[in-house]
Amino acid sequence: MINQERLWNRLEELSEFGKQASGGITRFSFTEEEKKAKALVASYMEEAGMTVREDAVGNLIGRKEGQRKDAPAVLIGSHIDTVPDGGRFDGALGVIAGIEVAQTLHEQQIQHDHPIEVYAFTDEEGSRFGFGMVGSRGLAGILTSEELQHRDANGVSIAEAMKEAGFDPEQYKDAAKEPATVKGYVELHIEQGRVLEQRGLAAGIVSGIAGPHWMKWTIAGEAGHAGATPMAIRKDPLMAAAEMMQFIEAEAKKYPNAVTTIGQISVKPGGVNVIPAEVEFTLDLRDIDEKTRDQVEASITAHAQEVSRKRAVELRLETMQRVEPVPCSESIQNVIQKAFNKVDVEPFQLPSGAGHDGMQFKDYCPIGMIFIRSKDGISHNPAEWSSIEDCGKGTEILYETVLALAIE
Ligand code: GLV
Ligand code: MN
Ligand code: MN
């Protein structure tokens, strides 16, 4: 039913915005690249026969009416922002596939009762401001004005970037959509792991999404002369950090699903011959089970405090963003399972290690997710890849799922 080539060509066209020499894509929210990418996606939505608008936080929305105008809408979505030097499928696939579903229904003149809305959410990745899922939080009515104060590497806040891009940050609450007008949310995404590939499956049903807890660790010591300060009297924050990092990795390895990542680090003042005065690093800690995540957090922070005492450095811990792990709706998983049977793919269930916009809808609407196979499990990397056939298969499953939800 769906047009696999059109889907593939659109993914290719979209990947040109923010393209890096590496072949990867850097497309942050409220930038020129993102603006151009949104204009292209808006043109696809129009071709699909949808009415297109942007809401107060920059979510791009295409709407296709159903037979019952005031029935709650079936939402499909994902994001078109990327991590630094990311791939072309993470996020983009879910948006382009959502449009493909709407366009197929439009072209085949298939009737459905519920309206369908396709979302390209603002800043899912959190790569620019260290705070993600801004658009989905806005839609669910849980975004706050304090959150818009998160700043990028140049000191520009989300609110300031919004203003620069032509939005009024004071109006962010207008993006909230009444929950009664939403039937549910479905997202197609690449797995970003190896499970489906190892099982030889094109697609899977997501059972739940692991919760990321993003923290900033700051360790203050004492700057000193690299040549003249004896080892025994140093208060070196980087050596303290190294000890903490080793423990952070070892602790996560004790649990089957816990993962810890240190993705950013800065050392001040940063001289070859200067004992650092201060070290700052980020920690991304996740587990599908919140109790386990809390347990890992408790043991690594207790260890870090012990190291700080021993090395006479000062430790400061801050939470940047903390999202609870979220189970997917049983009833939407059942609808997805029927869609798998219809397109003849074994309905296999798996959890998501990566975070997704649907996590913000925990208390807002039922959510469901479909994964397709990732080549070698690689993601957040220019080499991220899924085949045209798997993208097509996933979109067919999305189509059957959305249609079932929209005609019930
Ligand atoms: C988003 O890709 C995340 O899981 O960090
Ligand atoms: Mn991502
Ligand atoms: Mn994503």
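This is a predicted model: local features need pLDDT of at least 70, side-chain atom pairs count only at pLDDT 80 or more; totals for chains, interfaces and linings use all residues.

Entry 1: I looked up the separation of the manganese ion (ligand 3) and the manganese ion (ligand 2) and found 3.6 Å, with D90 coordinating both.

**Entry 2: ligand 3.** Which residues coordinate the manganese ion (ligand 3)? I find H79 through NE2, D90 through OD and H189 through NE2, at 2.0 to 2.2 Å. Along the chain, I read the spacing of these donors as H-x10-D-x98-H. I then placed two of them: D90 is in the loop between β3 (73–79) and α3 (92–107), while H189 is in strand β5 (residues 182–190), and this pair, 99 residues apart, links distant parts of the chain.

Entry 3: I traced E125 to the loop between β4 (116–121) and α4 (134–140) and H380 to the loop between β16 (367–372) and α10 (388–407), so the pair ties together parts that are 255 residues apart in sequence.

**Entry 4: ligand 1.** I next asked what surrounds ligand 1, and the residues I find are E124, E125, R286, A354, G355 and H380. By class, I count this shell as one nonpolar, two polar and three charged residues. An N or O atom in the side chain of E125 is 2.9 Å from an oxygen atom of ligand 1, and a polar side-chain atom of H380 lies 3.1 Å from an oxygen atom of the ligand. For R286, I read 2.7 Å between a polar side-chain atom and an oxygen atom of ligand 1. Taken alone, ligand 1 exposes 200 Å², of which the protein buries 91%.

**Entry 5: the cavity.** How many cavities of 30 Å³ or more does the structure hold? I find one, and the largest cavity contains about 30 Å³ of space. I list its lining as D81, T82, V83, G86, G87, D90, E125 and H380, and these residues divide into one nonpolar, four polar and three charged.

**Entry 6: backbone.** Finally I looked up two backbone features. The peptide bond from K268 to P269 is cis, with omega near 0 degrees, and I place P269 in the loop between β10 (265–268) and β11 (274–275). F30, a residue other than glycine, has a positive phi near 60 degrees, and I find F30 in the loop between α1 (4–14) and α2 (32–47).

Note on methods. Residues are numbered from 1 along each chain as its sequence is written. Chains are lettered from A and ligands numbered from 1 in the order in which they are written. Side-chain values use heavy atoms; hydrogens and water are left out. A residue is near a molecule or strand if one of its heavy atoms lies within 4 Å of it. A polar contact is a pair of N or O atoms within 3.5 Å; within protein, one must be able to donate a hydrogen and the other to accept it, and residues adjacent in sequence count only if both atoms are side-chain atoms. Accessible areas come from the Shrake-Rupley method with a 1.4 Å probe; for residues, only the protein chains shown count as cover. Ala, Val, Leu, Ile, Met, Phe, Trp, Tyr, Cys and Pro count as nonpolar, Asp, Glu, Lys and Arg as charged, and the others, Gly among them, as polar. On a 1 Å grid over the protein atoms alone, a cavity is a set of points where a 1.4 Å probe fits but cannot get out, and a pocket is an open set with protein on both sides within 12 Å along at least five of seven lines; lining residues have an atom within 4 Å of a point. Grid points are joined across faces, edges and corners, and a volume is the space filled by probe spheres set on the points. Helices (H or I, at least four residues) and strands (E, at least two) are DSSP runs, numbered from the N terminus. Donors are N, O and S atoms within 2.8 Å of the metal (3.2 Å for Na, K and Ca); water is not among the atoms, so sites may look incomplete.
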